[in-house]
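I opened this entry to go through one model. I wanted to look up confidence, a helix and the nonpolar cores.

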Amino acid sequence: MKPWVVAALAFALAGHACAGPSYSDVSAILNAHCIVCHQGEAAPLGLRLDSHASLMRGSSRGPVVQPGKPGESELLRRVRGQSQPRMPLTGPPWLSDAQVSTLEQWVAAGAPGGEPLPIASKKKRAPDDPLTYAEIAPILVGRCAKCHSANGLMGRPPEGYRLDSLAATLDASDRARVVPGNPGSSELVRRIRGVSRPRMPFDGPPWLGDEEMRLIEQWIAQRARDAEGRAAPVPAGARVRFRGVDEIRGVVQSDGNISVTRQRRR
């Protein structure tokens with residue numbers, strides 16, 4: 001092989017070896033951990049992470065990526081926990097060291113653009129199949145977990161209630177906000193409908209859309225199933241509390257009905 005050919009190949013291989021992460025690498029991380037909240041019109045502070053253009057545009061508070069300056073980029077500060085609340089809100093677990101390094105190297109290289117990896121399409125559900133948490137999680141995490149998480153916009157989650165995982169959503173140790181099989185007696189439904197106060201999400205309007213509320217009600221009516229389709233147990237003995245025109249307190253029975261223990265005009 002001629003010397004100039006060898007030199008050209010060596011140069012090309014060296015350039016390939018030194019190539020940093022692409023925007024496709026970055027979008028894969030964002031799709032897996034961030035897009036559930038940061039997309040569409042309800043994206044927190046208007047920060048959408050579903051395209052290179054929207055990522056570079058930043059939020060209502062300004063850019064979150066400073067090309068060539070990872071130390072000054074809010075995106076990096078949030079995923080490291082240097083700025084609060086730490087992201088993603090559903091953490092821990094947080095991004096791995098390798099994922100943070102990928103974002104850092106990409107920003108250091110000037111945050112080049114490119115084609116994003118497509119967001120994985122949802123598996124279509126047969127008409128007779130019950131809803132699962134996989135279809136409800138994007139609503140709760142996207143609209144509610146920005147406050148109702150361990151590191152939310154309000155600091156600690158309001159009333160200690162988190163909506164960033166199935167276990168937290170169903171937790172009844174303080175009181176039951178979800179009564180599987182009984183959406184009408186589930187405080188979560190009553191709050192998003194405005195039947196109980198304060199109505200949620202707290203930063204509304206806009207409130208949840210009619211279809212989003214219907215899906216949450218249907219999910220609870222079908223026993224609040226997990227992502228694999230397993231029905232949640234009824235939290236028999238758990239307390240409930242509803243605050244509307246009246247304040248009602250009660251206890252969940254084994255059949256999912258509520259035994260009222262107190263009712264008074266507010």
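My notes follow in the order in which I looked things up.

Confidence. I am working with a predicted model. I looked up the mean pLDDT of the protein, which is 87, and found that 90% of the residues reach 70 or more. Over residues 3–18 the pLDDT is below 50. I note that this stretch has two contacts in the model beyond near neighbours in sequence.

Helix α5. I looked up its extent: α5 has twelve residues, 97–108. From first C-alpha to last it reaches 16 Å, close to the 16 Å expected at 1.5 Å a residue. Which residues of α5 are buried? I list Val-100, Thr-102, Leu-103, Trp-106 and Val-107. They lie on the same side of α5, because they cover an arc of only 155 degrees around the axis. Asp-97 and Ala-98, on the other side of α5, are exposed. I then checked what covers the buried residues of α5, and the cover includes α2 (23–33), α3 (52–57) and α4 (74–80).

Nonpolar cores. I looked up the largest nonpolar core, which has 22 residues. Leu-140, Ile-216 and Trp-219 touch the most other members. Helices α6 (133–143), α8 (187–193) and α9 (210–221) are the elements that give two or more residues to this core. For Leu-140 I left aside neighbours within four places in sequence and found contacts with Tyr-133, Ala-145, Leu-163, Thr-169, Leu-188 and Ile-216. I also noted a second, separate core of 20 residues, with Val-26, Leu-47, Leu-75 and Val-79 among them.

Technical notes: Residues numbered from 1 in each chain as written. Predicted model: local features only at pLDDT ≥ 70, side-chain atom pairs only at ≥ 80, totals over all residues. Heavy atoms only, no water. pLDDT = per-residue confidence, 0-100. Contact = heavy atoms within 4.5 Å. Helix = DSSP H or I, 4+ residues; strand = E, 2+ residues; numbered from the N terminus. Expected span 1.5 Å × (residues − 1). Buried < 20%, exposed > 50% of the residue type's maximum accessible area, 1.4 Å probe, protein only. Arc of directions from axis to C-beta. Core = buried A, V, L, I, M, F, W, Y, C linked by side-chain atoms within 4.5 Å.
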